[in-house]
Amino acid sequence: MKKKFISLALVAAMAVSLAACGGSSTSAAGSGSSSGGTSITIFNSKSEIQDQFVELAEEYSKAKGVNVEVYYSSDTVAAHLATKYAANDPYTLAMVDAKDVYSLGAEHALDVSGEDWVKNTDYAISVDGQVKGFPVCIEARGVMYNATAIEAITGEEFNPDDYKTLDAFTALLDKLVAGGMAAPVGIMKEDWSLAAHYFQEIYEEQDDPEAFIQSLYAGTADLANNQKFNDMMDTFDVLMKYNYAAGQPVAAEREVSEQKLANGEIAFMFGGNWDWSLIKDFDPSEKMGMMPVPQNTTDGSNEKLVGGGSKYFFIDSSSNTSEEQVQAAKDFLNWLVSDPEGNAFMTERCALVPAFSNVNADALDPLSFSVKSYADAGKLIDNYNYDPDDHYSIVGAAMQKYLAGQIDRAGFAAEVENYWSSTTPVEH
Amino acid sequence: MNTNTMSYKTKQFLMFAGVTTFIFCAVVIVPFLYGLYLTFTSWDGVSASKPFVGMANYAATFQDAAFWQALLRTAIYSVISVILVNVVAFILAFLVTSGVKGQNFFRAGFFVPNLIGGIVLGYIWKFVFNRALVSIGQSLSVGFLSTSWLATTNGAMLCLIIVSVWQYAGYMMLIYVAGFMSVSNDVIEAAKIDGCTNMQTITRISVPLMVSSFVQCLFLTITRCFMVYDVNLSLTKGEPFNSSVMAAMHVYNTAFTYKNYGTGQAEALVLFVVCAVVGVLQVYIGKKAEVSA
């Protein structure tokens, strides 16, 4: 009997210690000025603006008498929210990706169709005819360049429009190599960058992305002979050839690559305007920007960045959130859009490209400025937001193999086709 | 006072084990049963409805090739790690009980890695493997060091094993130290007088008398290796090409990232059964080998 007690206690102790090891890192930041008024919680999923957001929460709490707490988690957004919903403790306001608004919105998001800001944006997300997602910013993907470094070698002004085609781009790369830049390109090996950002453009630049995705599900798409697939992979081959980490591309660390780009050791890297949050810490060159992915094509896609609204706030609609909290959350969103201080928070302090026509955006960083000018010129190709949740991981792994030279293009195409045809279509 | 009544026994049980039993039920038994129920639903982890789907999740588990690969990978990793951890720990324990100068300092030193959390440890070693070793290798032009091990499939597994051994060896060393200390000096002296060499004293006298230490160490290392997650996450994150995804990470991904909570839960159950069978078997066999002086 005694032995059983001891073993029972031991098992319990072990279970507790195991559970303690499995914690994920969630950091909270309270405003500290709880004045007995309404309290709302905000989930922020953009790590690069967490510090600014915490400061803002403190100021906002003092000014408006609403206790605002901002949380951040390094977990996948959907996974983190899942645990919060499982615990019946949802955030009042949650910042999520577009796909999460579609998957969670119907059940968990409040209808905000009547809000003032709706008419000022083209980027809000509606689910079943009701506006549910508040667009936090515009983000776009393309090739980031360091014009200062390029001009130092070529001696002439760098105009990205001259390098729309892969041929012209390759000629420039050769010129840079001849001019002393040993390897002018960086490639991020992260699966989200390869699959959800670069490869994703293959879907998004099809004539009809939805139809193309459906044919992938059905197994009828012939990826290996698809024009867009081959155009983009031709460009990827060139990027791989001039990659500074070509010897061991999957060991490249993102921070190192960003630093090289910022300092002009390399001139090009595929990415997005959010990369500025890393680049800005490395004393970047003065003239930087973003350009479309060069391709030998005439369909116009090599003149456009790919992107649109990114990260959306939604207000929790469950009974866990009181009416006062809902009102406070609505007020906060309106404040962001219509109050000069709210505007300054988004554009100046967080360097986000505003998704609202009434928000002034003169103080943006160079990458965001590029995005803004492409967006204003109507040169943005829409995001495709309905990938299955495991897409980035599995296609990303296949693309890492391609990057490491372990499979060829036909093998890669086959792996991607296999993935899609064995996956249950996402309803939307 | 009659100590043989039902009420006395119940009271005694509650007094000594009531709290732990309650906590054990609350944090282990109840979640376990609830998890069992979830394996029969197609819950996505967020939705309010949990549609009943019968055995579909178990069918999906058996068809999920990536899960079985991860499980096999975990088994290989565990076998190698468990052997290395215990060999290293045993040797360390022998060295720090043999009376070397400053052995308490060494004991503390070897134990320290165990005090660093797995996540931090993973990031530290990532730096070592990706930068430190690579720059040493390049400046001395040592071929196998000048590229990052983390970028190759076998290399990533090797790195995981190295880090696990470094992390656990110190902890297991303490248990073996206790084992060595528990062997009475009389027995050792008697063996010496009878003409045993040092080696014979260890293999014939010390080791058989400290089998319980081995049982404990093996149990702890096996279960920890099978459940490895934190080091896996921070050191390799499953890369390159998802080739270092261990079973626990695959379960987490399936349940939370890919939003197949039911299937993830079913896979977790399979992982639990595997761990339980291995653990119980090992303890059972170990107990049989125990002797007393």
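**Figure 1. Surroundings of B:A89 in the predicted model.** In this predicted model, the contacts of B:A89, leaving aside its neighbours within four places in sequence, are B:A169, B:M172, B:M173, B:Y176 and B:C217. B:A89 and B:Y176 are also the residues that touch the most other members of the largest nonpolar core, which comprises 186 residues. Helix α6 of chain B, spanning residues 153–182, gives the most to this core, contributing 13 residues. Both domain 1 (29–139 + 308–376) and domain 2 (140–307 + 381–421) of chain A give residues to the core, so it lies between them. In soluble globular proteins, nonpolar side chains tend to be buried together.

Figure 2. The secondary structure of chain B consists of twelve helices and zero strands. Along the sequence, the pattern is accordingly written α-α-α-α-α-α-α-α-α-α-α-α. Taken along the principal axes, the box filled by the C-alpha atoms of chain B is roughly 80 × 75 × 30 Å. Chain B has 293 residues, of which 35% count as buried. Among the contacts in chain B with a separation of 6 or more, 72% join residues 24 or more positions apart.

**Figure 3. The contact between the two domains of chain A.** Chain A is assigned a domain 1 (29–139 + 308–376) and a domain 2 (140–307 + 381–421). Their centres, taken over C-alpha atoms, are separated by 30 Å. Domain 1 of chain A brings 18 residues to the contact and domain 2 of chain A brings 21 residues. On the side of domain 1 of chain A that touches domain 2 of chain A, at least two residues each are supplied by α4 (98–108), β6 (130–146), β10 (305–315) and α14 (366–376) of chain A. The largest share of that side, six residues, comes from α14(A).

Figure 4. β9(A) pairs with β6(A) in the antiparallel sense, over four bridges. Opposite A:M288 in β9(A) stands A:N146. Strand β6 (130–146) of chain A also supplies at least two residues of the side of domain 1 of chain A that touches domain 2 of chain A.

How values were computed:
Residues numbered from 1 in each chain as written. Chains lettered and ligands numbered in written order. Predicted model: local features only at pLDDT ≥ 70, side-chain atom pairs only at ≥ 80, totals over all residues. Domains from an automatic or database assignment. Contact = placed C-beta atoms within 7 Å. Buried ≥ 20, exposed ≤ 12 C-beta atoms within 10 Å, placed from the backbone. Pairing = 2+ DSSP bridges. Core = buried A, V, L, I, M, F, W, Y, C linked by C-beta atoms within 7 Å.
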